[in-house]
Amino acid sequence: MAERFDTTERAREEFFSEAQELVDSVGRSLLSLDEAERGGRTDPEIINDIFRAVHTLKGLAGLFGASLLAALTHELEELLNELRLGRSRMSPEILDVLFRAADVSAKILASERGESLPPSDDVRLLLSSLGALSKHDAEETTFGLADYDLDPGLLGVLTEYEEHRLRTNVKDGTALFRIRADFPLATIDTALDQLKTNLRPLGEIITYLPTGDGRAADEIQLEILVASGARKEVIVETLKNDGVTVEEVPKRRSAQHGASRFPPEAATRAALYRSLLPGAEGGTKISLSEPPPGDGHPRTAYPPSMHPMEDQSLRSVSQTVRVDIRKLDRLMNVVGELTIVQTSVAAMMEKMRARSDLRDLSSELDRLHRSFQRNLALLQDGILEVRMVPLSQAFEKLARIVRQVSREQDKEVNLVVTGAETELDKLIVEELSDPLMHMVRNSIDHGIEEREERIRAGKPRAGTVALNAFQKGNQVIIEIEDDGRGIDPVALLATAMERELLTEAEAATLSTRDIFGLIFLPGFTTRKSATELSGRGVGMDIVKTNVARLGGVIEVSSEVMIGTKFTVTLPVTLAILSALIVEVGGGVMVLPLASVEEVSVFEARDIEALHGRETVTLRGRTLPVCRLAKHYRLDQTITNERIFVIVIGLGERRLGLVVDRVIGQQDVVIKALGASLRNVRGFAGATELGDQRIALVVDPASILEEVLEGVGEKLNMGGQDARAVS
Amino acid sequence: MLAQSPDDTHDLSRAIGVDYLVLRAAGEVCALPVHAISEILRRPKITPVPRAGKAIAGIASVRGAVVTVFDLVEVIDLPRPATKVTGGRVLLIDRGNEKVGLLVDSVIEVVRIEKDSLEHASVLGGEPAPHVLAVARPKGSPIILLNERLLFEGIS
């Protein structure tokens, strides 16, 4: 089903992804800002970054007629400008409003996409809080820059932001230094970055400009204005390898006080550039517009004439493209079709090989076929690689949730993240956001104790929520761990019985692991009981369902007073599957190889019934088995002497699946089942095996669940029967 | 669940002047509006889905996409004839959130329904099923006009 975008639609798609990226980046910056604020300092760089992002967002919103977003970003831009120019002071209240603004912006984007209603009320509320914030706390710095012996030409080209930073530093009594450095034109970008990196620990770079006094034709001299609390000798020492001269800007004796604005006649930056360019006046016509607001630090301050025209600014710095994931899905379908072609070619080759008169042709075809196969595999890997994104995309949103929830609940919570660079299929990362959010919320909401309780228990005041991700073979493990009060299994059992989810007799047979598994039962979702009991269970059944839909499993372990850990095990990708092709009840089915640990052959009489459950003994250990045909209620006409047991394992659990026959192994493109089959459990999707025949893909996670969890099975069976009736 | 049907359940006027595709399922002749059908396919290979509702014949591949195929006989709850007729055609129709296949024995023709040939569904006696819009006799013999909007009512 090819979806075609016309140009406007494509432009809108790009607007959405770009706007979304901007909103995400604002969210990230706000987190760093929040962290810095809690450390007691305001980072002007970050505020400036946010300002720039919001400014761009406003432009985009205007371009695409997203009027709510345009109105919101306009007000935000005002506030941020005040902050960045030091006219307002950052405060926790302002930060809260900014965080809310980021959330509301995301909502607006969702509504523009048609996914939800426009959050008009949210915007109205936010605008009124914004209105209440601005316009107070104004502090205009009137410290005289004239006290310093600064070149009026330089002062004249400062942006408002740079001027503000300069004033702030002067007000704080920080000394100013003028650093002159010569850079070869060829390497100016890297050399300048190096110098900036070296300078950063010492102070703040206010601005830099070319002086026009380069020593050689292919060199350029920059004057860098730095505010630093360090002594001149320290700066000289630090930069001794960079070949620079350092000079402290002296204070003028006969200073005129009170001058707060620079002379209006001072040249604009563009004018200054032009005056520096001997050749630019004549032939080449280069129009240099004013830098956009806030663009305080031009990366390249060298004369534009040094570049060939076509190399100018039209080229984007970024080497990346944004791709709609549906396009990748379509490509993947094509790869699937090609795989089928390849299988047919292989079959033809076999036929040719049997004919002695075609030997030459057949060996040639064989060679071509190998090359085809190899390149097809590369193509497939390539597409899969494109689909991979780091988990940080999901984790960053979680950091905001942590901040929000901990503020709501007045708890101190540190979020510790490891392995955010672990990569997963884009689709999985997207689908994972909500389940992870639920779990993190639960951890803070119910796991982490009140401050006083923690102190009484001898724990640090601030609770810790840890997110750990790592890859293990074909799977990715994500752990969500807290150092809260943990889950009390005794209380958990009591509630389960109270809610009639299981009988006393059943309860007695449960292992500790089974007991913790109870929190995933649908009956445990009511918030009230969860809070009264042990503080877990808000929507955990939904979390489990969502994780299972992605082919993953979730497990929980907990110790009272020590904390709770959720472990989510997921496949790396959903799109393509190394699969075991098996025969079940006369039909062909496919099993994801990632969850297959081994295949063993048994005699039919090796199956023993233990405690009402069928098992086999594998290397001296008991392994529960499930006859797949029986599980799927298929006819079991075939009664083999020898049976095939496929051992599947997910997380810590093992189960043997009994199948009629193992046919082979193949890479398959997995496709989703339609919405009409959403209620049918046990399948992860379907795949085409060539010959236009479709085979179902067994979902090991859901079978493990149905078979191994006695309680779960009971409930699911209830659901099955209800469906059969309808 | 046959409880509350929308007001237009058996509203004849919806069929007036509309083209209907006449088809056969389990020996019975019925019809669906042409505009509801996006494609008529030769019966593809259908893979049954264990534990799915009995109205679902299985899944099939339609140009690389997996499509759920319903058996019209089960969907509208017709008695299955003793001599098993194998469905020969699949109609692709929209079921709200997805495109699904509808297995029928054969398609016969397209007819335009005129006002004079329409009879109210109640002529069948008793409370008519919600998926029956009306009875029409475009060429003399009666045809059940199916209401495409309520076809899947009561199917999980």
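A:Thr573 counts as buried, since its relative accessibility is 13%; buried means under 20% relative accessible area, exposed over 50%, and partly exposed in between, with a 1.4 Å probe and protein chains only. This is a predicted model, in which local features need pLDDT of at least 70 and side-chain atom pairs count only at pLDDT 80 or more, while totals for chains, interfaces and linings use all residues. Residues are numbered from 1 along each chain as its sequence is written, chains are lettered from A and ligands numbered from 1 in the order in which they are written, and side-chain values use heavy atoms, leaving out hydrogens and water.

A:Thr573 is placed in the loop between β11 and β12 (576-584) of chain A. Helices (H or I, at least four residues) and strands (E, at least two) are DSSP runs, numbered from the N terminus. Apart from its neighbours within four places in sequence, A:Thr573 is in contact (heavy atoms within 4.5 Å) with A:Leu384, A:Asp425 and A:Ile428. The C-alpha atoms of A:Thr573 and A:Leu427 are separated by 8.4 Å, although these residues are 146 residues apart along the chain.

Chain A as a whole has 23 helices and 22 strands. Of its 726 residues, 46% count as buried. Among the contacts in chain A with a separation of 6 or more, 71% are accounted for by residues 24 or more positions apart.

After α20(A) comes A:Gly551, with a positive phi near 80°.

Two pairs of helices show how axes are compared. Axes are lines fitted to C-alpha atoms, for helices over the stretch in contact, and angles run from 0 to 180 degrees between N-to-C directions. Helix α3 (residues 67-84) and helix α5 (residues 120-133) of chain A pack at about 20°, with their axes 10 Å apart. α3(A) is therefore roughly parallel to α5(A); angles under 35 degrees count as roughly parallel, over 145 as roughly antiparallel, 65 to 115 as roughly perpendicular and the rest as oblique. From α3(A), residues including A:Leu68, A:Leu72 and A:Leu79 meet residues of α5(A) that include A:Val123, A:Leu126 and A:Leu130.

In the second pair, the axes of α11 (residues 325-353) and α12 (residues 359-387) of chain A come within 10 Å and cross at roughly 160°. These two helices, α11(A) and α12(A), are therefore roughly antiparallel to each other.

Most residues other than glycine have a negative phi. A:Arg633, however, has a positive phi near 55°. This residue is in the loop between α21 (628-631) and β18 (642-650) of chain A, and A:Arg633 is partly exposed, with a relative accessible area of 48%. In chain B, B:Arg51 has a positive phi of about 70° although it is not a glycine. B:Arg51 lies in the loop between β3 (37-42) and β4 (56-62) of chain B and is buried, with a relative accessible area of 12%.
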